[in-house]
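Student: I am new to this model. Please take one part and walk me through it closely, with the cut-offs spelled out as you go.

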Amino acid sequence: MRNLLNFLIRYNYWFLFILLEVICFGLLFRFNNYQKGIYFSSANFLAGKFYEVSGGITSYFHLKSINEELIDRNLLLEEQVTKLENTLRELQLDSSYVSNIEKSSFAGLFTIRKAHVINNSIAMANNYITLNKGTSDGIFPEMGVIDGRGVVGIVYVASPSYSVVISLLNGKSKLSCKIKGNPYSGYLKWEYGDARYAYLKDIPRYAEMNVGDTIITNGHSAVFPEGVMVGTISNIEDSSDGLSSQIQVELAADFGRLSDVRVLSRDGQKEQLELEKMSME
């Protein structure tokens, strides 16, 4: 207490000066309209800048939830398009009109489960992705994994709380797919290197294709339905055997920024896979 009193006594002139300055400014802005207007305009400008910066920061931290909502919305819209197409077919409307409606990836037969990526590699020859959901959440091996852009991979193993996915960026991965609007099918293979590109194999040279064409799943497996986005053609060259084309595909999914994904499962999928394995033994 003694030190505080000594401090106040020692600097009392400064405190008096500051008090008088505050009183002067108060009188100045209170009884002079011009100065009052400048004060309020400056205060509003500073407050506006503050709210602009704080609003930007708040929006940034809400991006994750907004992204999840957009993914769910896209999946819902695809399912609605499929239901509409099926209804039109049942009503036997003009077939040319129905065929113009883009086929959905899910056809109302697949169950969609949310999962979050907790580990992901893109720099190895065989890359894997770990999800925070497992068998207790209904996720099992051989289920397809997608994000809001396209195919991500296939579930390899699963425990009650976690699952590991074979990424498309894996030398063991061979995804059955095709060029949209083209009857020829092949398989997608990643060759160690750039995480943005893979190669579509076994497409004959005489098949019509162009840079920019869309690559989608062909539905020839129990994992993915037909029509799920895979990527777009970025380059076309002749293969070494001279019988097929070397088709470079720019992958739709951004594997360097994977966060929230969706796992697809279909009724009867397990039965189909077991039957196919028995036939190959």
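Tutor: Start with Lys201 and Glu191, whose side chains meet in a salt bridge, N to O at 2.8 Å. A salt bridge here is a side-chain nitrogen of Lys or Arg within 4 Å of a carboxyl oxygen of Asp or Glu. Lys201 lies in strand S8 (residues 197-201), while Glu191 sits in the loop between strand S7 (185-189) and S8, so the pair ties together parts 10 residues apart in sequence. Strands (E, at least two residues) and helices (H or I, at least four) are DSSP runs, numbered from the N terminus.

A word on the source: this is a predicted model, where local features need pLDDT of at least 70 and side-chain atom pairs count only at pLDDT 80 or more, while totals for chains, interfaces and linings use all residues. Residues are numbered from 1 along each chain as its sequence is written, and side-chain values use heavy atoms, with hydrogens and water left out.

Now look at burial. Lys201 is buried, at 16% relative accessible area. Glu191 is partly exposed, at 36%. Buried means under 20% relative accessible area, exposed means over 50%, and partly exposed is in between (1.4 Å probe, protein chains only).

The count comes to 3 salt bridges. One of them joins Lys178 and Glu226, with the closest N and O atoms 2.8 Å apart. This pair links distant parts of the chain, 48 residues apart: Lys178 is in strand S6 (residues 175-179), and Glu226 is in the loop between strand S9 (214-217) and strand S10 (229-238). Lys178 is buried at 14%. Glu226 is partly exposed at 32%. Arg196 and Asp194 also meet in a salt bridge, again 2.8 Å from N to O. Asp194 is partly exposed, with a relative accessible area of 34%. Side chains of opposite charge can pair when their charged atoms come close.

Next, the strands. A closed barrel of 6 strands runs S6-S7-S8-S11-S10-S9, with antiparallel pairing. The twist averages 45° from one strand to the next. That angle uses axes fitted to C-alpha atoms, for helices over the stretch in contact, and runs from 0 to 180 degrees between N-to-C directions. Two strands pair if DSSP finds at least two bridges between them. S6 and S9 pair in the antiparallel sense over 3 bridges. Lys178 stands opposite Ile216 in S9.

The rings of Tyr184 and Tyr206 form an edge-to-face aromatic pair, 5.7 Å centre to centre, with 80° between the planes. Tyr184 is in the loop between S6 and S7, and Tyr206 is in the loop between S8 and S9, 22 residues apart. The rings of Trp190 and Tyr192 are also edge-to-face, with centres 6.0 Å apart and planes at 80°. Rings of Phe, Tyr and Trp (its six-membered ring) pair if their centres lie within 6.5 Å; planes under 30 degrees apart are stacked, over 60 edge-to-face, the rest tilted. Trp190 is buried at 2%, whereas Tyr192 is exposed at 60%.

Asn170 is found in strand S5 (residues 163-170) and is buried at 0%. Asn170 touches Ala125, Asn126, Asn127, Tyr128 and Trp190, not counting residues up to four places away in sequence. Contact means heavy atoms within 4.5 Å.
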